[in-house]
Amino acid sequence: MTKEEIVDFYGDGARICPSLKDEFTFVFSQSRPFDLFELEELLATVGWSRRPVRRVKRALENSLLRIGLWVHHPRSPRLIGFARCTGDGVIEATVWDVAVHPAYQGFGLGKQLMSYVLEGLKDIGLERVTLFADPGVVSFYKRQGWLLEPRGHRCAFWYAT
Ligand SMILES: CC(C)(COP(=O)(O)OP(=O)(O)OC[C@H]1O[C@@H](n2cnc3c(N)ncnc32)[C@H](O)[C@@H]1OP(=O)(O)O)[C@@H](O)C(=O)NCCC(=O)NCCS
């Protein structure tokens, strides 16, 4: 696929994602619309609870960045990775919902996805980015240069239920 074809098909800013699984073409996009059922299906494959689609739609609309990772297919590309970011658009951003479909994990896609996320945030001008890692994934981020919050003393959470 040429650069122009990728952008025509997946929108501005889309580009090929390099991976160790070379029988497929993977593409990142910040602008290709999501099928919200497909998105929730993807997030369910990594064990996360399904959320009402109406709320997901609004959450995406209110996010700074919505990034899809697609296995290219000329008629029906398949969503196999996702991440989104919220924030004020100037100083702070937070990354949420980072996931790669289990069938495609371990091929370097998650790492590339995080680079693409950070590039997108840098393009907006953001310099400070936060995320809340699940305990089993902390070293995934640490290996990519993320700093761990010191000694568990600087985070606080509030849950409505
Ligand atoms: C975490 C996740 C996004 C990683 O995606 P992936 O495509 O498998 O990751 P990559 O293949 O790019 O791995 C990059 C590196 O991180 C390491 N890594 C991958 N998953 C890891 C994990 N859970 N813990 C620690 N290291 C991990 C890989 O071994 C690889 O190391 P290397 O660079 O030394 O070879 C994916 O496993 C996933 O979706 N997990 C379930 C959802 C989840 O927990 N998301 C994070 C929420 S905070």
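Visitor: In which strand is aspartate 97 found?

Guide: Please keep in mind that this is a predicted model. Aspartate 97 is found in strand 5, which covers residues 92-100.

Visitor: Is aspartate 97 buried or exposed?

Guide: One counts the C-beta atoms around the residue, and 20 or more within 10 Å make it buried. Aspartate 97 has 20 other C-beta atoms within 10 Å, and therefore it is buried. Its backbone also deserves attention: phi of aspartate 97 is near 55 degrees, a positive value in a residue other than glycine.

Visitor: What pattern does the protein chain follow along the sequence?

Guide: The protein chain follows α-β-β-α-α-β-β-β-α-β-α, which comes to five helices and six strands. The radius of gyration is 16 Å, close to the 15 Å that the globule rule gives for 161 residues, so the chain is as compact as a globular protein of that length. Along the principal axes, the C-alpha atoms fill a box of roughly 50 × 35 × 30 Å. Of the 161 residues, 23% count as buried.

Visitor: How do strand 1 and strand 2 pair?

Guide: Strand 1 (residues 15-17) and strand 2 pair in the antiparallel sense, over three bridges. Here arginine 15 has phenylalanine 28 of strand 2 as its bridge partner. Strand 2 is also joined to strand 3 by four bridges, again in an antiparallel arrangement. On that side, phenylalanine 28 stands opposite leucine 69 in strand 3.

Visitor: Which way do the residues of strand 2 point?

Guide: The general idea is that side chains in a regular strand alternate between the two faces of the sheet. In strand 2, Phe26 and Phe28 point one way, while Val27 and Ser29 point the other way, and all are buried.

Visitor: Over how many bridges do strand 3 and strand 4 pair?

Guide: Strand 3 (residues 65-71) and strand 4 (residues 78-87) pair over seven bridges, in the antiparallel sense. Within this pair, glycine 68 stands opposite phenylalanine 82.

Visitor: What is the sense in which strand 4 and strand 5 pair?

Guide: Strand 4 and strand 5 pair in the antiparallel sense, over six bridges. Glycine 81 stands opposite valine 100 of strand 5. Four residues lie between the strands of this hairpin, in which glycine 89 takes a positive phi near 80 degrees.

Visitor: How many residues does the largest nonpolar core have?

Guide: The largest nonpolar core has 29 residues, and those with the most contacts inside it are Ile67, Leu69, Leu113 and Val117. Strand 2 (26-29), helix 2 (36-45), strand 3, strand 4, strand 5 and helix 4 each supply at least two residues of this core. Its largest share, six residues, comes from helix 4.

Visitor: With which residues is leucine 113 in contact?

Guide: Leaving aside neighbours within four places in sequence, leucine 113 is in contact with Ile67, Leu69, Gly81, Ala83, Val98 and Val100.

Visitor: Why does leucine 109 count as buried?

Guide: Leucine 109 counts as buried because it has 23 C-beta neighbours inside 10 Å. This residue lies in helix 4. Residues up to four places away in sequence aside, leucine 109 touches Cys17, Ser19, Phe26, Leu69, Gly81, Val100 and Tyr104. Leucine 109 and glycine 81 are 28 residues apart in sequence, and their C-alpha atoms are 8.1 Å apart in space.

Visitor: Which residues are closest to the ligand?

Guide: The ligand is surrounded by 18 residues, of which the closest are Val46, Gln105, Gly110, Lys111 and Phe140. Strand 5, helix 4 (109-124) and helix 5 (138-142) each supply at least two residues of the shell. By class, the shell has nine nonpolar, six polar and three charged residues.

Visitor: Does proline 150 count as buried or exposed?

Guide: Proline 150 counts as exposed, because it has 7 C-beta neighbours inside 10 Å. Its place is in the segment after helix 5. From C-alpha to C-alpha, proline 150 and isoleucine 6 are 42 Å apart in space, and they are 144 residues apart in sequence.

How values were computed
Residues numbered from 1 in each chain as written. Predicted model: local features only at pLDDT ≥ 70, side-chain atom pairs only at ≥ 80, totals over all residues. Buried ≥ 20, exposed ≤ 12 C-beta atoms within 10 Å, placed from the backbone. Near = placed C-beta within 6 Å. Nonpolar A, V, L, I, M, F, W, Y, C, P; charged D, E, K, R; others polar. Pairing = 2+ DSSP bridges. Core = buried A, V, L, I, M, F, W, Y, C linked by C-beta atoms within 7 Å. Contact = placed C-beta atoms within 7 Å. Rg over C-alpha atoms; globule rule 2.2 N^0.38 Å.
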